[in-house]
Amino acid sequence: MKTAKNAVRKNAVFGILIILFLTFAFLKPSFLKVDNLLNLLVQSTILGIVGFGLAIIMMAGEIDLSYAGAIPLEGAIFANLLQKDMGVWPSLGVSFLAGITISLVISQLVTRLKLVSYVTTTSMYFLLQGIWYAYTGGENVYFKEKFNRDLIFGSLAGIPKIVIFFLLLFVILYFLTEHTSFGIRLRAVGEDPEAAKTMGVNSITYKTAGFILGGFIFAIGAFFSTAKMSGALATSGANMLMPVMTVAFVGQTFLGMGRPNIPGVFLAALMMAMIDNAFVLMNSPFWAVPIANGIILILAIFLANVGKRDIIQIKL
Amino acid sequence: MNGPLATPNKALTRGRKNNFGTLAGFAVFALVFMYFGINAPGFLTQVNIVRNLILPATISAVISIGMTIVMSGGGIDLSVASIAGLAGMVAAVGSAKLDMSIALMILVALITGALIGALNGFLVAYCGISPFVVTLSVIYLARGLQYLVALSTVSGTYLMLPRDAVALGGKPAFFISAAVIVAVFLYVFLDHTIYGRFIRTVGSNMHAARYSGIPIRFYTWITYVICGLCCAVTGIMLTFNEGMAQVGSGDSYQIDAFLLPILGNAIFSRFSVQGTIFSSLFLYMIINGLFILGTPPEYLRIIKGALLITIILVSGLQKIISKNK
Amino acid sequence: MADFILEMHDIKKHFPGVQALKGVDFNVHQGEIHALVGQNGAGKSTLLKILAGIYIPEQGSIKVNGTELTKWNPQKIIDMGISFIYQELNLIQSMTVTQNLFIGSESRNALGLTDWKKMRARAKDALARIGVMDIDVNVPIRDLTVAKQQLVAIARALAQNPKLLVLDEPTSRLGFEDSEKLFEILKRMQRENISIIYVSHRLSEIYRIADRVTVLRDGKCIITDQTKAISAHELVKYMVGKDIQKNKFAQVKDHRNLLLQSTHLQGRANNVDLSIYGGEVLGLVGTVGAGKTEFVRMLFGIESLSGGTIEINEKKLKKITPTEAIANGMALCPEDRKYHGLLLDNSIQSNITLAGLRNFTTSRFFTSVQKERDIVIKLVHRLHIATPSIEKHTRELSGGNQQKVVLAKWLCTTSKIFIFDEPTVGVDVQGKTEIYNLMHELADNGAGVLFVTSDVEEGLQVCDRIAVMYKGSILTELDPLKTSIEEVSMFAMGGHPDENR
């Protein structure tokens, strides 16, 4: 019985992905067109990139929800400075700086003051939301002419450049987290800081590194998101909160890892984009997508936790 | 150490020294009130106090009280805003499509809130999933259901209420009395019944609760159901207040529901209905006063966010200081 | 020329209220297996923590391989070649054997990425070094048995090429065969001239593998000698020491009122048959790790049974929950009184009324502070709980008073079976006596009391009957008036080593 439960736990979500793919392909053959599949990839990039950032922080044993506030803010800073003729790289630099500062602050609050990360980063999200409102006046910031969209959204050999960036980032982060000493020590700290300590791995150092790397990746996501919309949108933050969490959590359950991992996030992002994409193709009512997402998330978590039953409490 | 009747009975029941935080809380409240009373024109009028301070504070308080109950039990419910929105939507649809009476609308909304709360509670208490993850997922579901329910009528994502409901919604007395009923009931529940005691025990030390025979799963579950009901009440209030239900109404209360119980806990050193109400009045007094003084509304969120981070920071520092003693 | 790998001389360590080590000399020869024994509280763990650099002694010196250490910390101790293997294995459960072995010293290839192939080879070598060929280095730690996990922990320690290895009760979770395998590995290490300090409560093991043995008692080193020079009886006598006070309480009680019977109870305990009678204080005695707390938790429903029955109130139960246990009249004062027995940041009053809250209500579910106060005041007086106010948080009470609050909690219910798990740990002499008196008072009123302790002396002094637990099962039952402290201690350590257990 235990091995059956284990098998379910490991493979269920991947199985769901395959089933969904086949179902959609069956219901709407246009789903399988190359154009559409490429479009699917593009849709999944930003979600996937931000998800990578969150997954890395989760590997370090913490969670960071500030991205929902940091990304709109960074996007707004970038767009605004660009609009004021500051030039692409300096504007980008400032927005990255902002992001890293936020992550640095969070990392110290969590590692040195021992504040609980979900409460702290949720509060930071609210705070950043407020700052965003103050900075932008609640309005979208556009920069149409000042930036060559083709840099990101043009194609190289038929593949959209942004997808190439995404895949590149995927490969880099995959190797970083699974095949370097940094990756293995980060995960050791995330799973069992006490044992890691006896192995000579300092949890404060690695958790801080995790937060900052994650924040850096969030800033990359902010850049792509802003570039995609030719501006920073008012709705980007709140809309992003749930989907990114979903891919990071559901990603854990993919491939039987049972822990945050980069390939899992990649597949989960694809899955979410696939659902979105397919539902649009099928002209589904727009309540279908959130409900589907919600059910899948709950199902994935349920299956991933099959057998574990201790109540988890939140200590504030 | 071992004398017969070492301490006479009367002395034994002497209470703990009054908490510095409580005193400070009331003092600051009074000071701020006086400040606005003097410097903000129109602050002290009945219209202002009732419509712009107490009214929003009560709506916010109800949903925050629901969260307070969950936090007392050691959990958290991030889906409160979407449960409120869903319940309000269900009520509106009930009226628009099924021509329900006001009483029936309220009942249907309450059932909705209770069901979603029960789902949350089940996944947390009986499946051992982190409340954080569970309630975040439920936000999705609830929002999707909001769309679904709204679309069953002709007008799309919002619905207008019939006249008598709107009329009711125009009277502050309606909201205040609803909030008072909820507040009084849950205050008594949490602080004066054995069930409230059990819930607090589970939140305080789950293991000790178990070793004392308290069924921890059940009491964890029930906190989420109660929270769902409170959200439903808030949803009803919102719907009646605006005369309509929209997808996503209620979302603006997400921060409040998180902030107010924590603020109450910081001031009164435990989660309590009274503390949450006090915090709500406090917060909305500040918001109202600042608004009259001309602060742009965008800064509202910064204030709330900054307040939250400050409280968390301070309580974290307090923990470190007491550990080093 | 140092024949000694370790010389600890005149080590003194003081904690508030107790002199833990009173000038201990402890030496380890190169290449020997040296057993360190002593009862609970004798000072073993303090001595080892000093060696590990976790505590600093007020006095005394440590020489490693002839070099005197002037200052040391955990890292320095590792650098000097001393490794520790604790009962909490300190391995990352989800990571593979290979990864666990080399976190901190990962192999890298030309690109700077981890060279898994090389690490796997290193892993196999590390395991082969201790003679282990049958562990798959690609398997996550949590999929291995505890015994195999322990071997990985040892391999990791060995990878740092230590000169001295300290093992703290390594066989506590191992069965017979795994223990034998462990001993083989230790002998192998000995052949490589690695010295070993072996802490254990098990006589058969000590006599099996140790070259020399040191007995600590009351913070002093009583004797150090070759194991073959001391008989088992003498060893126990050294550990146990003086004559103890006569048992003032014990009476042979007539066993007419059977309150609870456990039959073949299995799970984290091992086939336990035990009867608790009304009117009697039954002692469950055994060393730390014998399985007493696990058994007690199974009775109370905190841990699950995999076999056997609990007979109580004319019902035969195969499963039980704490709520049911309490409904059937059981009361448990848990071993971890602070975190399992009390709400530290709540008042004495709310703690005491916790389990029996339904008895202090008005109209069935409203709490009545007045009713609570009345009963709480009565109990505070009855149990002599020293406090200026019942509103005081229990965190601020002394250990003894905390224990009394836990007991008072159960006196608010209609319990008939009281289980006390190590109630006198951290309690002063006065408090201990009060607790013993209370236990007998309960028994005299018809309740059945199960008193769990790892302090043999205490068990002998206080109980009407003693059951000795070893490795999860009851070894024997003894009459405290007819047995001796040596006999009980010997059973607690597994019985005479020649009788194969």
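Select helix α5 of chain A, residues 117–136. It is mostly covered, with 17 of its 20 residues buried (20 or more other C-beta atoms, placed from the backbone, within 10 Å of a residue's own). Helices here are DSSP runs of H or I, at least four residues, and strands are runs of E, at least two, numbered from the N terminus. From first C-alpha to last, α5(A) reaches 28 Å, close to the 28 Å expected at 1.5 Å a residue; the expected span is 1.5 Å times one less than the number of residues. Step just past α5(A) to A:G137, with its positive phi of about 70 degrees.

This is a predicted model: local features need pLDDT of at least 70, side-chain atom pairs count only at pLDDT 80 or more, and totals for chains, interfaces and linings use all residues. Residues are numbered from 1 along each chain as its sequence is written, and chains are lettered from A and ligands numbered from 1 in the order in which they are written.

Next, select α3 (67–83) and α4 (88–111) of chain A. Their axes, lines fitted to C-alpha atoms over the stretch in contact, come within 8 Å and cross at roughly 155 degrees. That makes the pair roughly antiparallel (over 145 degrees, on a scale from 0 to 180 between N-to-C directions). Residues in contact (C-beta atoms, placed from the backbone, within 7 Å) include A:L73 and A:F78 in α3(A), and A:L92 and A:I102 in α4(A).

Last, go to chain C, where 33 residues are in contact with 27 residues of chain B. Pick out α13(C): its four residues are the largest share of this side.

Definitions and conventions:
Contact = placed C-beta atoms within 7 Å. Parallel < 35°, antiparallel > 145°, perpendicular 65-115°, else oblique. Buried ≥ 20, exposed ≤ 12 C-beta atoms within 10 Å, placed from the backbone.
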